[in-house]
Amino acid sequence: ISPVAAAAAAGVGLTAAAAVTWSHNEARPPLSDSRFVVQDSLIPFAGQGLFAASPVREGEYLFEYAGERLSEEEYFERYRSGEGRYVAVVDTLALLGEPIYTDAADPARSGIARWMNSLPEGECNVRKRKQRFGGQRGRMFFYAARPIEPGEELTFDYGAAYWDAVSAQAAEVEPEEPAADARRLEGTTSANSGQ
């Protein structure tokens with residue numbers, strides 16, 4: 001393929017991607033926070049989660065992932081090892097600028113989306129749309145993927161990149177000495193067996 005044809009194909013691809021992403025602009029107001037409640041998650045080891053307090057229609061715009069917006073440089077200054085557990089990133093094509101990070105770690109500076117937990121894509125009742133172009137560039141919006149009943153936990157797929165980062169962080173944590181683990185285990189066994 002000639003360089004001219006490759007450039008033309010790239011331009012068509014960029015135009016198509018821009019058209020799709022611009023369709024992700026959101027002008028409607030989000031649902032009221034009173035339509036949701038934060039309580040213990042039904043997902044094992046997930047902590048708290050976000051639940052519907054009233055019925056939600058399929059396709060309804062729920063809310064935006066709100067928080068402090070950071071540049072890539074600001075993100076890595078704050079989270080040197082990339083450990084921002086409440087950070088969402090909206091990546092862009094390199095020619096359009098660097099990724100935009102939204103840090104929702106501080107509940108006072110964020111919204112209720114920070115309380116949603118993750119399930120695999122086919123099991124989620126919420127879908128996300130990331131805005132990569134235009135005036136709303138860097139924002140992430142959430143919609144009901146199907147009707148949601150009161151009492152249902154809202155979940156979306158965080159994506160493989162999130163879980164890869166979490167796994168990498170866990171691998172970086174140095175385990176205690178095996179002997180210390182064995183002593184602790186032995187002490188527990190002795191105490192439980194009445195010895």
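**Entry 1: the model.** I am working with a predicted model.

**Entry 2: the main core.** I looked up the largest nonpolar core first. It has 21 residues. I noted the members that touch the most others: Phe 36, Leu 62, Phe 63, Met 116, Val 126, Phe 142 and Leu 154. Strand 2 (48-52), strand 3 (61-64), strand 5 (87-90) and strand 9 (140-144) each give at least two residues. The largest share comes from strand 9, with 3 residues. I wrote one general remark beside this: in soluble globular proteins, nonpolar side chains tend to be buried together.

**Entry 3: Phe 63.** What does Phe 63 touch, leaving out residues up to four places away in sequence? I found Pro 30, Phe 36, Leu 50, Ile 112, Ala 113, Met 116, Met 140, Phe 141, Phe 142 and Leu 154.

**Entry 4: a second core.** I then found a separate core of 5 residues. Among them are Leu 70, Tyr 75, Tyr 79 and Tyr 101.

**Entry 5: ring pairs.** I searched the whole structure for aromatic pairs and got 11. I picked out Tyr 75 and Tyr 101. Their ring centres are 4.4 Å apart and their planes meet at 5°, so I logged the pair as stacked. Tyr 75 sits in helix 2 (residues 72-78), and Tyr 101 sits in strand 6 (residues 100-103). The pair therefore ties together parts that are 26 residues apart in sequence.

Are these two tyrosines buried or exposed? Tyr 75 has 6% relative accessibility, so I counted it as buried. Tyr 101 has 8%, and I counted it as buried too.

**Entry 6: a second partner.** Tyr 101 also pairs with Phe 76. I noted 6.4 Å centre to centre and 75° between the planes, which is edge-to-face. Phe 76 lies in helix 2 and Tyr 101 in strand 6, so this pair joins parts 25 residues apart in sequence. Phe 76 has 37% relative accessibility and counts as partly exposed.

**Entry 7: arginines over rings.** Last, I looked for charges over ring faces. Arg 114 lies over the face of Trp 115, at 4.5 Å from the ring centre. Arg 129 lies over the face of Tyr 143, at 5.4 Å from the ring centre.

How values were computed
Residues are numbered from 1 along each chain as its sequence is written. This is a predicted model: local features need pLDDT of at least 70, side-chain atom pairs count only at pLDDT 80 or more; totals for chains, interfaces and linings use all residues. Side-chain values use heavy atoms; hydrogens and water are left out. A nonpolar core is a set of buried Ala, Val, Leu, Ile, Met, Phe, Trp, Tyr and Cys residues joined through side-chain atoms within 4.5 Å. Buried means under 20% relative accessible area, exposed over 50%, partly exposed in between (1.4 Å probe, protein chains only). Helices (H or I, at least four residues) and strands (E, at least two) are DSSP runs, numbered from the N terminus. Contact means heavy atoms within 4.5 Å. Rings of Phe, Tyr and Trp (its six-membered ring) pair if their centres lie within 6.5 Å; planes under 30 degrees apart count as stacked, over 60 as edge-to-face and the rest as tilted. A charge sits over a ring if NZ of Lys or CZ of Arg is within 6 Å of the ring centre and within 35 degrees of the ring normal.
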